[in-house]
Amino acid sequence: MTGAALALGLASVLLAGLVPGSAQAAGADPGDLATDLTADLTADPGADPGADRGGWTAKVRRTEFGVPHVLAHDYGGLGYGYGYAFAQDNVCALADQVVSVRGERSRWFGPEAVNLDGLPNLAGDTYQQAVVRSGTVRRVLAAPAPLGPTGEARKLVEGYVAGYNRYLRDTGVDRLPDPSCRGKGWVGPITAEDVWGIALDVDTLAGSPRGSVGTAVPGAGTQPAGAAAGPTGPAGPAAFAPAAFAGPGPARAADHPDLGSNAWALGRDATRSGNGLLLANPHLPWAGSLRFYQAQLTIPGVLDVAGAGLHGLPVLQIGHTRGLAWSHTTSYADHFTLYRLNLVPGDPTAYVVDGRVERMERQTVPVTVRAADGTLSTVDRTVYRSRHGFVVAEGWTAEHAYTLRDANADNLRSIDEWMAVGRAQDLDQLRQAQRTFQGAPWVYTTAVDSTGTTWFTDSSAVPRVTDEQRARCAVPSPLADGVLDGSTTACDLGSDPDALVPGVFGPANHPALSRTDYVANANNGPYLTNADAPLAGLPAVYNSGRELAQRPQLSLRMIADRRAGTDGLGAPGFTLASLQAAMLGNRVQSAELDRDDAVALCRAHPVLTAGDGTRVDVRAACGVLAAWDTRADADSPGTVLWQTFRERLSLAPTTAWQTVPYDPARPLTTPRGIDPGHPDAQRALAEAVRDLAARGLPVDAPIGRVQRWAGIPLHGCPGQLGCFNALSAAPDSGAGGGTYPSDVRSVPHGATFLMATELTDRGPRTRTLLTYGESADPTSPHYTDQTRRYARKQWVTERFTEAEIRSAPGLTVTTLRR
């Protein structure tokens with residue numbers, strides 16, 4: 001059986017209707033819920049009478065902190081209620097996303113303004129317009145499931161669009177509550193194609209060229225202002241954390257150790273109750289399209305899932321059902337392949353494959369731009385594609401060009417996969433959903449079910465490049481390692497028989513581990529998913545390197561400490577309470593390993609020399625570091641000094657200042673140590689003390705003084721420091737709202753949606769925190785309400801059952817009919 005046929009066969013189980021054992025509302029009969037919903041809609045005098053326009057019905061119940069619980073009869077109604085609820089909180093944010101995926105930012109905001117990806121609007125619009133005009137979304141929508149969306153997914157999206165548009169119609173653009181887009185011409189109705197475009201945009205974040213599509217040809221003249229400039233053009237493919245991906249060349253997650261998230265799945269052998277527990281802690285920007293929105297989505301007898309989903313998508317990417325809890329972290333595998341093309345002499349848009357000349361496909365992309373005086377004009381940009389995909393501007397010379405094959409270039413299957421995962425009640429059903437749709441774009445999955453069994457996998461779309469092929473086909477490149485020879489089809493990607501689409505590894509070859517103690521990921525590769533069960537022998541494309549960055553080191557140490565009961569959080573073994581406490585304990589790996597060495601350095605050399613020869617008195621720093629509790633709590637004196645010192649130390653030309661090298665026998669505590677006599681270490685401390693003085697900060701400044709959201713001090717610190725609770729922010733972040741920050745550089749990155757879930761015999765017990773609240777509107781009460789909870793380390797008790805929802809103080813109910 002072919003891969004496509006196998007996947008279609010598996011899909012029939014899911015597409016026929018219900019995953020076996022599908023979710024029901026815990027503590028409530030699905031028939032009662034359906035009857036209750038019908039009665040409420042019939043009796044509601046304010047319901048929209050337009051029932052002849054689709055017959056969708058939905059009920060949006062909001063509990064504390066504005067969390068919507070959407071109840072509907074079917075997927076169309078569910079999307080309708082969810083889209084309406086989301087628009088109430090984030091109408092400007094979604095309108096802004098739509099402007100982006102339509103490639104219209106230059107039209108409304110000018111070509112030179114920088115978007116939240118760190119790209120000039122003209123560069124971003126060129127890429128987006130090229131994608132839109134290529135017809136990728138329409139082509140995939142025309143395909144049968146599972147290559148194209150199922151009927152349920154299409155209805156969900158249609159309902160979501162209708163719900164958003166209804167809110168916009170009922171409220172009126174001129175009366176929108178958020179001043180970010182009130183009365184603006186770029187706000188208007190959206191279409192289903194817009195939402196599918198957002199889905200494609202999310203799925204290709206880790207593999208698209210975005211700001212580096214090849215728009216200029218060596219020797220072919222000058223492009224219009226703002227165009228990429230051939231071999232000296234902008235950096236290569238951008239990804240979803242622009243600050244982390246600064247610099248030339250294609251972006252690979254493995255090159256950026258602060259990127260991503262933490263996730264723990266704790267099995268029955270690691271918990272005191274024998275129940276499964278899960279910790280979700282995704283790290284993403286606090287402003288822009290990658291914010292999360294918390295919700296519960298229920299279709300009686302079919303679906304009952306709670307958690308959080310990315311803005312603009314009508315599904316929950318992280319969450320739990322009654323019997324299953326799961327989270328995602330950024331996969332450190334490659335999700336694109338770079339090929340080097342050998343160009344025809346004298347013709348830089350033609351290349352040779354197997355001795356035959358092939359021409360690049362040329363596409364003229366018109367981008368509408370707004371001048372400073374408001375007048376509109378059109379700039380024609382030209383982009384190029386090879387047989388593999390977009391040609392990138394970086395590295396394009398008269399001899400060579402580079403082209404990128406994105407493993408997710410036509411992936412819209414993620415929506416169906418997350419819908420199916422939201423119906424799953426155990427790991428078998430989760431795995432079935434992953435095998436059927438193969439839609440996870442660039443994430444690991446960490447999960448646990450009510451039997452106390454855990455599961456980790458990288459089921460994302462990873463190019464099928466074997467180690468043998470990499471060794472045989474690799475060519476030297478200034479862009480990156482692992483670039484393949486594009487002059488021969490012998491270096492084309494292979495295909496696995498169970499892969500739904502060609503060119504990627506199939507499910508049988510995905511890294512995977514199931515345990516009854518734990519699996520965990522903090523954006524390390526798969527090798528040490530469990531410290532006692534290394535996943536060895538994986539292809540290099542999966543980033544199977546063994547040396548861990550400090551955050552994943554600390555992650556595994558924290559699990560070991562809790563299981564041994566040596567972390568000060570009580571008797572051995574995890575409970576829901578100790579899981580929450582560990583998450584927000586703000587431990588810092590670099591400090592636990594090296595703080596004492598830094599104190600010894602400081603005391604041995606009370607006056608040090610900075611790089612420019614300035615002598616700096618560091619005696620005050622000695623006492624601060626010695627007294628510091630090595631935590632990144634908002635009020636812990638010394639955290640800012642330590643962070644500044646480590647940042648300066650990271651700029652040293654070598655790591656010769658380190659005293660203990662990496663030891664594979666001690667992977668969680670090496671490398672470590674600071675040589676107090678090394679000049680690089682001495683210089684770093686001198687410059688750290690001087691930097692704080694230049695910033696007007698005392699040497700004992702706590703992190704909450706320099707890290708804020710809308711004036712609220714934030715605990716946590718950057719993951720590069722070895723902070724498990726990874727978070728970085730500026731002193732004035734949050735001032736401009738979650739859609740339009742006052743400065744792109746001030747956008748916080750790190751802890752976003754926190755979820756701690758215990759799967760008990762009586763149903764899930766869950767505590768959550770959406771660090772920036774449900775709304776990106778700075779005037780909304782839900783813009784900072786949960787930020788204040790986060791600052792106080794106070795979790796929110798989730799309401800999942802009908803009894804819990806109906807007993808919520810201040811419960812509001814909105815009934816919708818279309």
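User: Where is Arg-587 found?

Analyst: Arg-587 sits in the loop between helix 13 (576–583) and helix 14 (589–604). Helices (H or I, at least four residues) and strands (E, at least two) are DSSP runs, numbered from the N terminus. Residues are numbered from 1 along each chain as its sequence is written, and side-chain values use heavy atoms, with hydrogens and water left out. This is a predicted model: local features need pLDDT of at least 70, side-chain atom pairs count only at pLDDT 80 or more, and totals for chains, interfaces and linings use all residues.

User: Is Arg-587 buried or exposed?

Analyst: Buried, with a relative accessible area of 11% for Arg-587. Buried means under 20% relative accessible area, exposed over 50%, partly exposed in between (1.4 Å probe, protein chains only).

User: Which side chain makes a polar contact of 2.8 Å with Arg-587?

Analyst: That of Glu-592. The Arg-587 side chain also has a polar contact with the side chain of Asp-561, at 3.1 Å. A polar contact is a pair of N or O atoms within 3.5 Å; within protein, one must be able to donate a hydrogen and the other to accept it, and residues adjacent in sequence count only if both atoms are side-chain atoms.

User: New topic. Which peptide bonds are cis?

Analyst: One joins Ala-145 and Pro-146, with omega about 5°. Another runs from Thr-670 to Pro-671, with omega near 0°. Pro-146 lies in the loop between helix 6 (136–141) and helix 7 (151–171).

User: What is phi of Asn-523?

Analyst: Near 70°, a positive value in a residue other than glycine. Asn-523 counts as buried, at 3% relative accessibility.

User: How many cavities of 30 Å³ or more are there?

Analyst: A search of the whole structure finds 7. On a 1 Å grid over the protein atoms alone, a cavity is a set of points where a 1.4 Å probe fits but cannot get out; lining residues have an atom within 4 Å of a point. Grid points are joined across faces, edges and corners, and a volume is the space filled by probe spheres set on the points.

User: What volume has the second largest cavity?

Analyst: About 110 Å³. Of its 13 lining residues, the closest to the centre are Val-67, His-69, Gln-294, Glu-798 and Arg-799. Strand 5 gives the largest share of that lining, 3 residues.

User: And how much space lies in the largest cavity?

Analyst: About 170 Å³. Strand 4 (276–285) and strand 8 (324–330) each supply at least two residues of its lining.

Note on methods: On a 1 Å grid over the protein atoms alone, a cavity is a set of points where a 1.4 Å probe fits but cannot get out, and a pocket is an open set with protein on both sides within 12 Å along at least five of seven lines; lining residues have an atom within 4 Å of a point.
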